[in-house]
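Okay, thanks for coming, everyone.

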Amino acid sequence: MPVAGTPFLAQRLVIFFGSCWLLTSWILVIGLRRPLLPTTETWLPGIRLMLVMAAVGLVIVWPMAAMSSTRSQPAGRTFRETCILLVTAQLIIWPAGLVTSWSLERTILIALTLTGWGFLAGAVAAWGRCRVSAGRRLCMMSLCLLIALISPIIMLWVENPMLERISPLSSMWTMVSAKMSPVSADWIVTGSIWLVALLAWGLAAGFGSCDEPLQKRTSGT
């Protein structure tokens, strides 16, 4: 019999571990002391690495941790937990806009891009968590790694500015350091990410029927 309040406990744990990830990233990347000369130039390198770490947490660490359990979970639960983490990530982006030279348009673009990648990774996690099959979950974990790393790996041999936009890691690195206003290609890529993420979530909700939990199957026999 399921324990009452278990989903609420799980969501609190998601908030706790997500906050711990951001706090640890802040300490490792920026530190606890203010720069001697707190200017835009001194804050920007740390903020850039901080947002890359946030992307790593949303696209790699969170999906893999979510799919490491052997129990199946409905897509709705994964959706709620993903939204919690995406809201938590906003606590980095919007304050960072106050200590950098980002325009409001660039801040909005960075927020939408990071959220879109995290939303897409959450959809992949939802597909994996709906099944107890270790093979399916391994495939979904590998897909999250490909989403994050395939573009940076290709960029080691091929120089193409468009490749920087199709990875959460390289896109954060480029967008944070850019000084010009976003171009139309940036908005097109971000919109495409959201479109794919919404499609993936729609498929997960409509066709991703979950396996029954192991307890129910054993109690029914």
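I'll start with the overall picture, then go to the salt bridges, a helix pair, and finally a surface patch and a loop.

Some housekeeping. This is a predicted model, so keep in mind that local features need pLDDT of at least 70 and side-chain atom pairs count only at pLDDT 80 or more, while totals for chains, interfaces and linings use all residues. Residues are numbered from 1 along each chain as its sequence is written, and side-chain values use heavy atoms, with hydrogens and water left out.

So, the overall picture. The protein chain has 9 helices and 0 strands; those are DSSP runs numbered from the N terminus, H or I with at least four residues for helices, E with at least two for strands. Of its 221 residues, 43% count as buried. Buried means under 20% relative accessible area, exposed means over 50%, and partly exposed is in between, with a 1.4 Å probe and protein chains only. The chain exposes about 12300 Å², and carbon and sulfur atoms supply 73% of that. Those areas come from the Shrake-Rupley method with a 1.4 Å probe, and for residues only the protein chains shown count as cover. Now contacts, meaning heavy atoms within 4.5 Å. Take the contacts with a separation of 6 or more: residues 24 or more positions apart account for 76% of them.

On to the charges. Side chains of opposite charge can pair when their charged atoms come close. How many salt bridges does a search of the whole structure find? It finds 3, counting a side-chain nitrogen of Lys or Arg within 4 Å of a carboxyl oxygen of Asp or Glu.

Look at Glu-81. Its side chain meets that of Arg-77 in a salt bridge, 3.1 Å from N to O. Both residues lie in helix 3, residues 75-96, and they are 4 residues apart, about one turn of the helix. Glu-81 also forms a salt bridge with Arg-129, where the closest N and O atoms are 2.9 Å apart. That pair links distant parts of the chain, with Glu-81 in helix 3 and Arg-129 in helix 4, 48 residues apart. Put together, Arg-77, Glu-81 and Arg-129 are linked in a network of salt bridges.

Is Arg-129 buried or exposed? Arg-129 counts as buried, because its relative accessibility is 7%. Glu-81 is buried, and Arg-77 is buried too. If we leave aside neighbours within four places in sequence, Arg-129 is in contact with several residues, including Trp-62, Met-67, Arg-71, Thr-78 and Arg-137.

Asp-186 lies in helix 8, residues 184-207, and Arg-165 in helix 6, residues 161-165, so the pair ties together parts that are 21 residues apart in sequence. Asp-186 counts as buried because its relative accessibility is 10%.

Next, a helix pair. Two packed helices are described by the angle between their axes and the distance between the axes. The axes of helix 4 (residues 104-129) and helix 7 (residues 168-177) come within 10 Å and cross at roughly 170°. Here axes are lines fitted to C-alpha atoms, for helices over the stretch in contact, and angles run from 0 to 180 degrees between N-to-C directions. Helix 4 and helix 7 are therefore roughly antiparallel to each other; that label is for angles over 145 degrees, while under 35 is roughly parallel, 65 to 115 roughly perpendicular and the rest oblique. Among the residues that meet are Leu-109, Ile-110 and Trp-117 in helix 4, and Met-172 and Met-175 in helix 7. Helix 7 is mostly covered, with 7 of its 10 residues buried.

A nonpolar surface patch of about 920 Å² includes Leu-146, Ile-150 and Trp-157. Patches are made of residues with over 30% relative accessible area and no salt bridge, joining like charges within 9 Å and nonpolar side chains (Val, Leu, Ile, Met, Phe, Trp, Tyr) within 5 Å. Leu-146 is partly exposed, at 46%.

Last stop: Val-99, in the loop between helix 3 and helix 4. Val-99 and Trp-43 are 7.1 Å apart, C-alpha to C-alpha.
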